[in-house]
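Trainee: Could you walk me through this structure, step by step?
Mentor: Gladly; let us look at it together.

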Amino acid sequence: MLQLDRVDVCYGSFKALTQVSMTVGAGELVVLLGANGAGKTTLFNAISGLLKPTAGSITLEGKRIDGLKPSALVAAGVVHCPEGRKLFPQMSVAQNLALGAYLHRRDSAGNKRNLQEVLDLFPILHDKRNQPAGSLSGGQQQMVAIGRALMSRPRLLMLDEPSLGLAPLVVNQMFEVISRINKSGTSVLLAEQNAFAALKIAHRAYVIEGGSLVMEGDQQAMLGNEAVRKAYIGA
């Protein structure tokens with residue numbers, strides 16, 4: 001579905017990504033593992049059109065998408081849920097969710113169905129829907145961020161560090177929901193530092209260090225890899 005071929009991204013003279021090649025197949029849940037500053041967010045921003053690669057290509061179902069505007073990529077089904085949630089804190093939960101449906105604003109019936117699906121995934125948001133998003137707990141705000149992304153009707157959902165700063169119980173619930181989203185037919189690219197929880201729900205994984213992919217494999221291979229365990233999971 002998604003293919004990156006030898007992608008470079010530079011910030012001025014600094015090369016943030018070097019020769020990155022990876023794929024996400026239709027219906028797959030692929031995890032991108034890496035420490036802070038490894039290049040995960042830069043890679044996501046390049047895929048979602050917020051950064052333009054300086055070399056290489058990015059294709060979606062065989063068509064070049066590098067260079068397209070972010071709005072065009074959302075319309076094509078590539079939806080990015082950013083690190084840090086990026087909600088509008090003074091606006092209500094319902095208003096934040098509605099913003100995710102902006103490109104489909106003329107399809108009121110479809111948006112109503114999508115909203116119900118989001119509330120089925122995150123039932124607590126039904127009771128919080130009229131509250132300011134900024135008044136919610138961190139875990140609830142992350143639910144709103146993912147729900148807003150789902151309102152855009154993604155075919156490929158990119159989640160950047162969704163477990164960051166959340167309590168362990170909430171993290172477990174979040175990964176269960178991400179697995180449900182994937183099993184419903186949405187392809188998922190998940191950037192995470194919580195390697196063990198992420199790998200438990202993944203089909204495949206890549207490891208990024210210093211802006212380059214240094215390792216890849218399926219779920220069992222990565223869980224059993226000694227280098228991955230020492231660096232990201234623990235002995």
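Mentor: Let us settle two terms: buried means under 20% relative accessible area, exposed over 50% and partly exposed in between, with a 1.4 Å probe and protein chains only. Helices (H or I, at least four residues) and strands (E, at least two) are DSSP runs, numbered from the N terminus. This is a predicted model, where local features need pLDDT of at least 70, side-chain atom pairs count only at pLDDT 80 or more, and totals for chains, interfaces and linings use all residues. Residues are numbered from 1 along each chain as its sequence is written, and side-chain values use heavy atoms, with hydrogens and water left out.

Trainee: How many helices and strands does the chain have?
Mentor: The chain is 235 residues long, and buried residues make up 49% of them. Its DSSP runs come to 10 helices and 10 strands.

Trainee: What radius of gyration does the chain have?
Mentor: The radius of gyration is taken over C-alpha atoms, and the globule rule is 2.2 Å times the number of residues to the power 0.38. For 235 residues, a compact globule would come near 18 Å, and the chain agrees with that. Its own value is 17 Å.

Trainee: How many of the residues of helix H1 are buried?
Mentor: Helix H1 covers residues 40-47 and is largely enclosed by the rest of the structure. Among its buried residues are Lys-40, Phe-44 and Ile-47. Just after H1, Gly-49 takes a positive phi of about 90°. The number of buried residues in H1 is 7 of the 8.

Trainee: Which residue meets Lys-40 in a salt bridge?
Mentor: A salt bridge is a side-chain nitrogen of Lys or Arg within 4 Å of a carboxyl oxygen of Asp or Glu. For Lys-40, the N to O distance is 3.2 Å, and the partner is Glu-161. Glu-161 lies in the loop between strand E7 (156-160) and helix H7 (168-183) while Lys-40 is in helix H1, so the pair ties together parts that are 121 residues apart in sequence. Both residues are buried, and the partner asked for is Glu-161.

Trainee: Is Asp-66 buried or exposed?
Mentor: The side chain of Asp-66 meets that of Arg-64 in a salt bridge, at 2.8 Å from N to O. Arg-64 is exposed, with a relative accessible area of 54%. Asp-66 has 16% relative accessibility, so this residue counts as buried.

Trainee: How many residues apart are Glu-226 and Lys-230?
Mentor: Their side chains meet in a salt bridge of 3.1 Å, N to O, and both Glu-226 and Lys-230 are exposed. An α-helix has 3.6 residues a turn, so residues three or four places apart point the same way. In helix H10 (residues 226-233), about one helical turn separates Glu-226 and Lys-230, which are 4 residues apart.

Trainee: Which residue in E9 is the bridge partner of Val-31?
Mentor: Two strands pair if DSSP finds at least two bridges between them. Strand E3 (residues 29-33) runs parallel to E9, with 4 bridges joining them. Strand E9 (residues 204-209) is mostly covered, as 5 of its 6 residues are buried. The partner of Val-31 there is Ala-205.

Trainee: Which residue takes a positive phi in the hairpin of E9 and E10?
Mentor: E9 and strand E10 (residues 212-218) run antiparallel, joined by 6 bridges. Glu-209 stands opposite Ser-212 in E10. The hairpin has 2 residues between the strands, and the one with a positive phi near 55° is Gly-210.
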